[in-house]
Amino acid sequence: MAILGWNVGRGAALAASLLGMALVLGACGGDDKKSGGGGGLSFPGIPTSVPTMSSLTVAIDTSGGTGSTGNGGSGGPIRIRASNGRILPASGGGRPSIDNNFLTAAVMADSTVTYTELAAINPLLISVSGAAAAVLSLTGFDFHLPQGVTLNLSDAPAGTVDVLTIVTHGPSDFIRIDGNIITTRTSADAVSLSLESRGATSLAISVDGNVTTSGAAAVGTNRGGYFIVKAESGPVLVAGVVTTTGGNSSGGTGGQGGAIEFVSTAGDVWIRPGILQANGGQGSASGGGGGGIELRAYSANSQTFNWGLRSNGGNGSSGNGGNGGGMFVENDGPTRMEFAFEANGGASTSGNGGNGGGVTARGVNNTGAVGGMANGGNGGNSGGNGGFASLEGGDVIAGVRSHMTANGGNGTGGAGGNGGSNYLYLDGAYMANVLVEGTANGGSGSSVGGNGGIATLEAWGHIINGQIAFTANGGTATGAGGIGGPGGQARALNNSSYGEPSQGTVDLTANGGTGFIGGGGGVVSIRLRGSPSNQWTLDVSLDGGASTGGNAGTGGSIFAQDLNLQPSLALNIAGSANGGNTTNGAGGDGGTIIFGTASVNQSRMTLSSTGLFTLNGGSATGTGTAGAGGTLDLRNSYYGHTLLNNLQLAALGGNSAQDEGGGGGTIATNIQNSNLEVRGTTLDVSGGNGSTTSGTADGGVGGFIELQVYFSNITVTNSTLRANGGTGRGQGGDGGGLQICADEGVSGLGGLLRVDAVVEVNGGAGVGNGSGGDGGACVLLPYYFAQGFATGEGEYRGTVAANGGNGAGTGNGGNGGIAAIYGGRLAMRCLATVQANGGTGAMAGGGGEIYYIMDGTGLLTIEANASANGGAGTTTGGNGGLIYAESSGTGGKVTVNGGVTLRANGGAAAGTAGAITLDAEGTGGANVTTTGATLQTNTGAGTPVPANITID
C-alpha cells in the first residue's frame, strides 16, 4: 500500500517555509516592484494587480436552493483545516496503491455500487444507529472506488439511513475515490457522507471523482447532504468537483446546502483549484444567507491561498435579502494571499436588502493581493450594509494590496445601507509597501442615506509606505425630509513604542450625501506613536452634502497626532473639507483640522499643502443662510518646533444669494513652549459675501487667526494672513481678528517675534447701496506687559491693513480698525506699512487706531509709513484716527525714521483731523526723534492741525 510519487517530507516543508519568508522579505524575484526600508531590509513592492474569479470554475458548491413560494435555502458551511500542515491545490501526483479493496469486483461489475449492495458485502462491518446513521468500519481493508464506477447511495432508506460514515483504521488502510459519488434522493434529503481515516500516515484519503450530495428539486424541501473527509494521521486530497447544494422547491422553502468539511489533523489538505461557493438561494419570501467558508492551516510552513471564495446572500421578494457569508482564511506561517472573494447581500423587492458578508485573513509574514466585493443588497424597504475585508498578520506585512467594493445597498422605502470596511492590521514589526483601496459608499435611502465606509491601516510596528486609496461617500436621501448619510473614514494608526520612520499616503473621497438635510463630510485620522520621523500625505474630498431644502452638511475633519516621546510628523494636505451648499436652509460650516502632539518633549511638526486646501462654509443660492468657515487647530508640546511651510489654507464663510454671508473660520494654536515658524503660507479666514443677488443682508464677518506660543519664538516670513469681512448689500462684514503672541500664558515670559507678512483685517465693501464694514483688529505681541520679569523682542515687516470697507451708492464707509504692534524689552523695529483708514461712502468712515508700544529699556523705531485717515465722503468725510507710539520704560526712546510719513488726516470733504502721539521716557520729547519724518493731522479740507500732534 505504498504511496506513489508522494513527497511530504520534513525537508520539503522547511524549504517551503524559507521560500515564504524570502517572498516577504524580497529575497526572491517577481513581477512586483521592490523598495527598501526598515533599517536596510528590502520589502516586496505593492502588487500591480488584484486577483479575480473570471478564469476560475466552481470546485465546491454548497449553495442553498430556490424557494418559489417560501424562503431560499441557506448555503452550507465549507470548512477546510490542516491542523499541522498546509492547504494546497490538488495535484496530479501519485495516489495510494490498493491491495485489499473492500469493494468486490462482483459488486462493481455493473459500474454502480448502491447502498444496498454496499451494506450486503459484509453485514458484520456495517452498523446502523437509532439516529439514522450507518457506519462502515474497515480494518485491514482499503476502500477504493475505481474510475468509471459510481457509488450511488440514493437507495438508502430515508429515516433509517440518512448518514453513512466509511472509516478505516489501519496505517495502510486507504480510502481512494476515483469514480463519482451520488447521494441525491428524489423524495427526501440527500444522504450525508463521511470518509474518515484513523490510522494511515501517508495520503490517507484521496477523492478524484466528483461528489454530489445535493438535495433534489421537489414540491417540498430537500436539503443537501454533508460531505466530510477527515484524516487523523495523514494528508487528504479532494480533487473532484463537490456539490452539496440544497434542492429547489416549487411549493415551499429551498433546501439548505450541505456542509463540507475536509480535515487533516497531522498533514496537508489538498483541494481542487477554483471557486469555493456557498451562496444562499433565492426566495419568494426571504433569500437564504450565504454559508461560512473557512480555510485554516496551523503550521509554520509557507502557504499560498489562491482560491476564489463566494458566499452571496440570495435575493428575496416579500421578505429580506439574505446576508452574505463570513469567510476566514488563516495560516500560522509565511502566507501569500492571492484570492478573490464575493460576499454580497441579496436584494429584496419589498423587504430589506441583505448585509454584505466579508473575509478575515490572518497569517505570519504576509504578502500578496486580495480582491473582492461585499456589497449590501438593495431593498424595497432599507438597503443592506456593506461587508468587510480584514487582513491581519504578525511579524511582517509587506507587499500587500487589499481591494474591495463594499457599498451599502439602496433603500427604496427606508434607509440606505452603510458602506463596509477594508482593514489591514499588523501585530508585529513592519507594515511595508501596502495598499488598502476600494469603494464603500453608503447606499441611497428614502429616509436616510447610508454612512460611508471605513479604510484602516493599523500597526503595532512601523508603517512604511502605507497607502489608502478609498471612496466612501455618504448615501443620498431621496425622500422628502430625508437626511443624507455622512461620509466615511480613513485611519492610519501606529501603536508601537519603538522607532523607525513611518510614512504613507491617504487618498480619500468621503463627501456627505445629498438630502433635505445634507450629510456631514468624512474623517481622516492619523495617529502615530513611537517613530522619530513620520511623513504623511493626504489628498481628500471631505465636503458636506448639499441640502435640497433644509440644512446642508458640515465639512469633514482631519485629525493628525503624533504620540511619540520625541515626535516628528510632517503632514502635506490637498483637497477640501467644505460645508455643503443649500438653497433655502443653512449652508454647512467648513470642516476641521486638528494637528499636533501630546504633552511630550522636543516635537517637530510640519504642515504643508499641495495647492489651496479649503475649509469653506457652504453657500446658499436661495433665501438660505451661508455656512461659517472651518477651523485649523494646531497643537504642540514642550521644547519643539511647529512649521507651517507653504501651507495654502482658506476657511472662508460661504456666500448667500439673499441672506448674510457666513463668518470666516478660525485658526488657533495651543503650543507649549515650542517655536512656531510660518513660511511661504497663506491663511485666509475672510467672511463670505451677503445678498449677492438681491436683498439687503450683510456680508459675513472676518474670522480669527491666533498664532500663539508659550514662552517661545514665532517667525512669520513671506506669508499672507487674511481675515477680511465679506461684501454685503446691507453692510459689508466687519474685519476679523488676528493675534500673534509669543506669551500665550500671560506670564510676561515671551520670545522673539519676527513678522514679515501681508496682514489684512479689512472691513468688507458695500454693494448696491450697502455700507462698508468696520476694520478688524491686529495685535502683534512678543510678551504681555506689566510683568516683573518680562522677556521678548519684536521686529515687523510687510504690511498691516485694518481698513474700513468702502460704501456703495448711498451707503456709508466703515470705520478703520485697530493695529496694535508691541515691542520687546530691548528694542522694536517696525518696518511694516500700517493702515487703519476709514472707508469711503456717503458718510465716510473714521480712521482707526494704530499703536506702537514697548515698555522695555530700548529703542522703538518706526521705519515705514502708517495712516489712520478718515475716508472720503460724498456728504461727510470721516474723522481722522489715532497713531500712538510709546516707549515709556527706563531708557525708552521713540524714533520715526527720515522719509517716513505718519498720517491721521480727516477725509474729504469735512472730516476732522486725527491725532498723533509720540511718547518716550522723560518729558518734552527729549527721547523722541522725528528728523526727516512727516507727521500729518490735517482736516478733510487739507488744513493742518498741529495741536493734534503730541511729542512727549
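Asn 344 lies in the loop between strand S26 (326-342) and strand S27 (358-373). Strands here are DSSP runs of E with at least two residues, and helices are runs of H or I with at least four, both numbered from the N terminus. The model is predicted, so local features need pLDDT of at least 70 and side-chain atom pairs count only at pLDDT 80 or more, while totals for chains, interfaces and linings use all residues. Residues are numbered from 1 along each chain as its sequence is written, and side-chain values use heavy atoms, with hydrogens and water left out.

Asn 344 is buried, with a relative accessible area of 14%. Buried means under 20% relative accessible area, exposed means over 50%, and partly exposed falls in between (1.4 Å probe, protein chains only). Neighbours within four places in sequence aside, Asn 344 contacts Ser 311, Asn 312, Gly 313, Gly 324, Gly 356, Met 373, Ala 374 and Asn 375. A contact requires heavy atoms within 4.5 Å.

Arg 729 is 42 residues from Ser 771 along the chain, yet their C-alpha atoms are separated by 7.4 Å.

Strand S50 (residues 749-760) pairs with strand S52 (residues 791-801) in the parallel sense, over 10 bridges. Two strands count as paired if DSSP finds at least two bridges between them. Leu 749 stands opposite Thr 791 in S52. S52 also runs parallel to strand S54 (residues 827-830), joined by 3 bridges. There, Met 828 of S54 is the bridge partner of Gly 794. A further 3 bridges join S52 to strand S55 (residues 833-835), again in parallel. Gln 835 of S55 is the bridge partner of Ala 801.

An open sheet is formed by 6 strands in the order S5-S21-S18-S15-S12-S9, with parallel pairing. Its edges are strand S5 (87-89) and strand S9 (143-145), each of which pairs on one side only. The twist averages 10° from one strand to the next. Ile 205 stands opposite Val 236 in S18.

Backbone geometry was examined next. Most residues other than glycine have a negative phi, and most peptide bonds are trans. Ser 111 has a positive phi, near 70°. Ser 111 sits in the loop between S5 and strand S6 (112-114). Its relative accessibility is 33%, so Ser 111 counts as partly exposed. Asn 646 also has a positive phi, near 55°. The loop containing Asn 646 lies between strand S42 (641-645) and strand S43 (648-650). Asn 646 is partly exposed, at 40% relative accessibility. The peptide bond from Ala 908 to Ala 909 is cis, with omega near 10°. Ala 909 belongs to the loop between strand S63 (901-903) and strand S64 (915-920).

The protein chain contains 2 helices and 67 strands. Its radius of gyration is 38 Å, whereas a compact globule of 952 residues would have a value near 30 Å. This radius is taken over C-alpha atoms, and the globule rule is 2.2 Å times the number of residues to the power 0.38. Along the principal axes, the C-alpha atoms fill a box of roughly 135 × 60 × 40 Å. Of the 952 residues, 60% count as buried. Among contacts with a separation of 6 or more, 81% come from residues 24 or more positions apart.

The largest nonpolar core has 167 residues. Such a core is a set of buried Ala, Val, Leu, Ile, Met, Phe, Trp, Tyr and Cys residues joined through side-chain atoms within 4.5 Å. Phe 143, Phe 262, Leu 276 and Tyr 852 have the most contacts inside it. Beyond residues up to four places away in sequence, Leu 276 touches partners including Ile 60, Ile 78, Ile 80, Ile 293, Trp 307 and Arg 310.

Technical notes: Axes fitted to C-alpha atoms, helices over the stretch in contact; angles between N-to-C directions.
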